[in-house]
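Have the sequence and the model open side by side while you read. This report walks through some helices, their packing and a few charged pairs.

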Amino acid sequence: SYSLEENLKPKVKWLKELGMGDSQVAKTITTFPQLMGLSLEDNLKPMVQWFKELGMDDQQVAKTFARFPSLVGLSIEANLKPTSQWLKELGMDDQQVA
């Protein structure tokens, strides 16, 4: 649902807590409005956790979300893990993959 109080405001608050400024939040939502339809618990928080497991901190995750907002719409299991594993097999380390 796109309820202002139950969905939209909590996501904006969460993005700001992650380290995004107002302009980054606005750009992210404008570039990838589907973000507002994703679940905080099922999509966004697990995505942040996955990036942290690669060695990124909140600020780096926020920059990544702001720069490539469509990443948050990808499946960790179906898209991101296989891609990162392939890059590691090519010789890249976690920092390079992140």
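E77 sits in helix α5; helices here are DSSP runs of H or I with at least four residues, numbered from the N terminus. With a relative accessible area of 55%, E77 is exposed. The cut-offs are under 20% relative accessible area for buried, over 50% for exposed, and partly exposed in between, with a 1.4 Å probe and protein chains only. From E77 to E89 the distance is twelve residues in sequence and 17 Å in space, C-alpha to C-alpha.

A word on the source: this is a predicted model, in which local features need pLDDT of at least 70 and side-chain atom pairs count only at pLDDT 80 or more, while totals for chains, interfaces and linings use all residues. Residues are numbered from 1 along each chain as its sequence is written, and side-chain values use heavy atoms, with hydrogens and water left out.

**Salt bridges**

E77 also has a charged partner. Its side chain meets that of K81 in a salt bridge, at 2.9 Å from N to O. A salt bridge here is a side-chain nitrogen of Lys or Arg within 4 Å of a carboxyl oxygen of Asp or Glu, and that rule gives a count of five salt bridges. K81 and E77 are four residues apart in helix α5, so about one helical turn separates them. While E77 counts as exposed, K81 is partly exposed, with a relative accessible area of 35%.

Three of these pairs are set out below.

| Pair | N to O distance |
|---|---|
| K13 and E17 | 3.3 Å |
| D58 and K52 | 2.8 Å |
| K81 and E77 | 2.9 Å |

**The nonpolar core**

Now for the inside. In soluble globular proteins, nonpolar side chains tend to be buried together. A nonpolar core is taken here as a set of buried Ala, Val, Leu, Ile, Met, Phe, Trp, Tyr and Cys residues joined through side-chain atoms within 4.5 Å. Which members of the largest nonpolar core touch the most other members? They are W14, F51, F65 and V72, in a core of 25 residues. At least two residues of this core come from each of α1 (4–18), α3 (40–53), α4 (58–67) and α5 (76–89). The largest share, six residues, is supplied by α3.

Beyond its neighbours within four places in sequence, V72 is in contact (heavy atoms within 4.5 Å) with F32, L35, L38, L44, M47 and F65.

**How the helices pack**

Two packed helices are described by the angle between their axes and the distance between the axes. The axes are lines fitted to C-alpha atoms, for helices over the stretch in contact, and the angles run from 0 to 180 degrees between N-to-C directions.

Take α1 and α3 to begin with. Their axes lie 12 Å apart, at an angle of about 10°. These two helices are therefore roughly parallel to each other, a label for angles under 35 degrees. On the α1 side, P10, K11, W14 and L18 meet L40, L44, K45 and V48 of α3. Sorted by class, this contact holds six nonpolar, no polar and two charged residues. For these classes, Ala, Val, Leu, Ile, Met, Phe, Trp, Tyr, Cys and Pro count as nonpolar, Asp, Glu, Lys and Arg as charged, and the others, Gly among them, as polar.

Next come α3 and α5, whose axes come within 12 Å and cross at roughly 10°. That makes α3 roughly parallel to α5. Here P46, M47 and W50 from α3 meet I76, L80, K81 and S84 from α5. The residues of this contact divide into five nonpolar, one polar and one charged.

D42 lies in helix α3 and counts as exposed at 63% relative accessibility. D42 and S3 are 39 residues apart in sequence and 17 Å apart in space, C-alpha to C-alpha.

L8 belongs to helix α1. Its relative accessibility is 22%, so L8 counts as partly exposed. Between L8 and K63 there are 55 residues in sequence and 20 Å in space, C-alpha to C-alpha.

Conventions: Angles under 35 degrees count as roughly parallel, over 145 as roughly antiparallel, 65 to 115 as roughly perpendicular and the rest as oblique.
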